[in-house]
Amino acid sequence: MIEPVTNDYRITFFVKHSGLPPKLASQLARLAKKFKCLVYIENITRDRRSDVSSSLGLLQLALTEGDFCQLVTVGIDAEWANFVLTDLLSSGFDFIASDKSCDFSEAIVDKHPKLTPKCDINFHYVKAQTQLSKFEILKGLSLLICPEETDELLLLFIKREERSSTSMARRIALPHVITSLVDRPIIAIIRSDYSIDWASKMGDVNLVIALVLPENPTRDMIISATKLTRSMLSSDFSQRLVNTRQPMGLQALLLHAMCQE
């Protein structure tokens, strides 16, 4: 079945300057009150969140140059609010992803050096267009990662799932293996609007993030992968992943998690 769709739109960005310029803060607070939706900013770096219609709330965010954040609109006219606020905020924030910039990019770390992990990582992303089973999802991930040796990787994924379900959080699964089939870490993602039975007590999933490391991974590879898996244990982080529909925004969240000290 199809999961209920929430009107949740996100802009992912870095703060350009220390604090929010007073004029921009005033405009943001005034505009936010005109929409029939909730508008808030999550300062992911400092683990703070506030409704932007409140000037005091904006101050409590303590936005500082380099902070990694998301502006979120949720509600009836959330899409329209997102569109209007994207143009307003583009001058004050260093945008990574909005509904105007969606695709994965190999150049994301060149444009945003703060998202550079300690090891090279390849990314793949596909949006499922129809209902798929767990087996079909694993096969699709194997094809994305190893198009020449799909069956070999698929078998590894299946064996890993037989040991225990890789469901990491509500609506997210993280199938992960180490294999000589790859020479660098690879993350492949399949998102689906349809619920996928992952044979887990945590319930069905809609976002499957495969993590494949090469045989004999380096220390930096292991550290980056560990940071990512630990982040997924946070309900706030996993919820952001599920709700961030732009592939580049999703990529930025994953990279940011792997770059944390």
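Start with K134 and E161: their side chains meet in a salt bridge, 2.9 Å from N to O. Color helix 5 (residues 134–145) and helix 6 (residues 150–163) and you'll see what the pair does: K134 sits in helix 5 and E161 in helix 6, so the bridge ties together parts that are 27 residues apart in sequence. K134 is buried, with a relative accessible area of 17%, and E161 counts as buried too, at 11%. Keep in mind as you click around that this is a predicted model.

Zoom in on R10 and E42, where the closest N and O atoms are 3.6 Å apart. R10 belongs to strand 1 (residues 8–15) and E42 to strand 2 (residues 37–43), so this pair ties together parts 32 residues apart in sequence. Both residues are buried.

Now hop to R46 and D67, another salt bridge, at 2.8 Å from N to O. R46 is in the loop between strand 2 and strand 3, while D67 is in the loop between helix 2 and strand 4. Is each one buried or exposed? R46 counts as partly exposed at 37% relative accessibility, whereas D67 is buried at 2%. The model's salt bridges come to seven.

Last stop: F68, in strand 4 (residues 68–75). F68 counts as buried, at 0% relative accessibility. Show its contacts, which include F13, E42, I96, L115 and H256. The C-alpha atoms of F68 and F13 are 6.1 Å apart, though 55 residues separate the two along the chain.

Technical notes
Residues numbered from 1 in each chain as written. Predicted model: local features only at pLDDT ≥ 70, side-chain atom pairs only at ≥ 80, totals over all residues. Heavy atoms only, no water. Helix = DSSP H or I, 4+ residues; strand = E, 2+ residues; numbered from the N terminus. Buried < 20%, exposed > 50% of the residue type's maximum accessible area, 1.4 Å probe, protein only. Contact = heavy atoms within 4.5 Å. Salt bridge = Lys/Arg side-chain N within 4 Å of Asp/Glu carboxyl O. Lists of a residue's contacts leave out its neighbours within four places in sequence.
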